[in-house]
Amino acid sequence: MPKYDASEISEIVEMLSFQNLDVRSVTLGISLLPALRHEDIAEGVYSVLLERSSRLSEAVERVSRRLGVRIVTKRVAVTPICDLIDSRASDPEEARRIGLRIAERLDRAAKELGIDYIGGYAAFVDSGFSLGDLGLINSIPEALSSTERLSSLVNVASTMHGINLNAVSLMGEVIKRTAELSDGRGCTRLGVFANAVSGVPFIPGAFHDGREEDPVINVAVSGPGVVEGMVRLVEGGDVRTVHDSIKRAAFKITRLGELVGREVAREMGVRFGSVDLSLAPTPAVGDSVADVLRAIGVSDVGAPGSLLALAILTDAIKKGGAMATSSVGGLSGAFIPVSEDYGMAEAVRRGSLNLQMLLAMVAVCSTGLDMVPIPGDVESHVISAIIGDVMALGVALDKTLGVRLIPVPGAREGEKVDFGGLLGSSPVLGVPKIGSKALLARGGVVPPMVNRLLKG
Amino acid sequence: MPNELAVVTVLGADRPGIVAAISSALAEANANIIDISMTVLRGIFSMIMLVDISRSELDINSLREELERKGELVGVKVLVLHESVFRFMQRV
């Protein structure tokens, strides 16, 4: 029988009770390819989903109750829907209509099963468009504005294939249209990606591909409050001491994720996939990555030194987490969303943090521009140009990066917008009124960069 | 049957009857206290217990609800976590 001393017990109790440590999400990955056996593909998707994820909700709740640990959301990631559309459509309009029918069924199934989000309404167009890709992308504005739990990702760039400028241009328009149809809300479930990978438990980046176990459980942890607490304990210590204390915190946080993942997988009788080490904030005070950066020593997020602090944090999380689980997955870094992180939103309000600094920070973390509300009147080509910048970073640095911009209709720079719940609230960020129309208009695919050659 | 353990922590203003309330609830459920540490610091009562619940009549969730209810009656906060949480996070 293990012996614990009181300080070990009180440390865990403090993490779980006062530092907002919880498991952010448990995501079940399932293949929807069996739906191809059905005559009606949308009905097939619906019945496969109902059959294969029916036990998720109950299993998660049972594990949460047994351990006494909060599990915030239950999610499902499915086979990229572009492939299913491709199997049936013969022209772009038919592809769009099939997409919409599948979207409706996915959302309905999620509601019936008590699943918070369903990811995989996805297209992969880094080297060009298939019929299914095009149909899916064209359906996104309507699909996201008529559903509540469906989330969508479009991969427009990769180290292997380059950056599809036509897709970058198109996604600027899709984001604008989605915002107009849904008062901005649909855009909270839409990500544009470079190097999207499967096995990510986070929405909107989650999808399930044929190379993963099937079905599989992937887990995401939270825990910025715990890391901040650890950093504050070593007040006055040098930077290696800080790095070391973050590593220790990351280890413990990740172990909690590993335990929950194993238990849920066991309850469901499916394989456990991986833990995403990423430190994910929530809008709660005391659960902010921005506050961790301040604890490390930057006067405010956005100040010179922010990249340095974020790089230290990201590296320590990876190293601490890597020992805690033998199955690291997903993005594994630090998330710096704006509206979802109270400290980030406050830094915007104070004027410390702007779009340019956020863009720079993307280079040393794992999210990209995430949950950034921008004025509703920003033109789509400006949005596309911003996407292009992030995609260039993703490809040049060979990492996964996403863009989740929310052009809130009617909202002006500095105005506060609220998306509710975990999505949080933030002032609207200013965006340059100028873009690079002529560059985007050139179209075509940017060739893969030289780091592609290192891959053979 | 292997041991299944829970860690019970109790915190609140000190007053008579706290230990009795919590330990009698455990006894009624046939949950066995196997380790206990208790202090009162400037009027604040704190107690940590390791409890074997493998022969308990209640599952850990029902036991948690019962202990929380008993805690409320004597004005203390009770937290019940499965021991595996501590084993995973504190032991390699």
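Predicted model: local features only at pLDDT ≥ 70, side-chain atom pairs only at ≥ 80, totals over all residues.
1. Start with the strands of chain A. Strand 1 (residues 23-30) of chain A runs parallel to strand 2 of chain A, and seven bridges join the two.

2. Strand 2 of chain A has another partner. Three bridges link strand 2 of chain A to strand 3 (residues 117-124) of chain A, and these strands also run parallel. Here A:Val76 has A:Ile118 of strand 3 of chain A as its bridge partner.

3. Now the largest pocket. The volume of the largest pocket is about 570 Å³. Its lining counts 25 residues, and those closest to the centre are A:Val13, A:Ser17, A:Phe18, B:Thr9 and B:Leu79.

4. Which elements each supply at least two residues of that lining? From chain A, helix 1 (6-18) does. From chain B come strand 1 (5-13), strand 3 (44-52), helix 2 (60-73) and strand 4 (76-82). Helix 1 of chain A gives the most, with six residues.

5. Last, the make-up of the lining of the largest pocket. By class, 13 residues are nonpolar, six are polar and six are charged.

Conventions: Residues numbered from 1 in each chain as written. Chains lettered and ligands numbered in written order. Heavy atoms only, no water. Pairing = 2+ DSSP bridges. Helix = DSSP H or I, 4+ residues; strand = E, 2+ residues; numbered from the N terminus. 1 Å grid on protein atoms, 1.4 Å probe; cavity = no way out; pocket = protein on both sides within 12 Å on 5 of 7 lines; lining within 4 Å. Points joined across faces, edges and corners; volume = space filled by probe spheres on them. Nonpolar A, V, L, I, M, F, W, Y, C, P; charged D, E, K, R; others polar.
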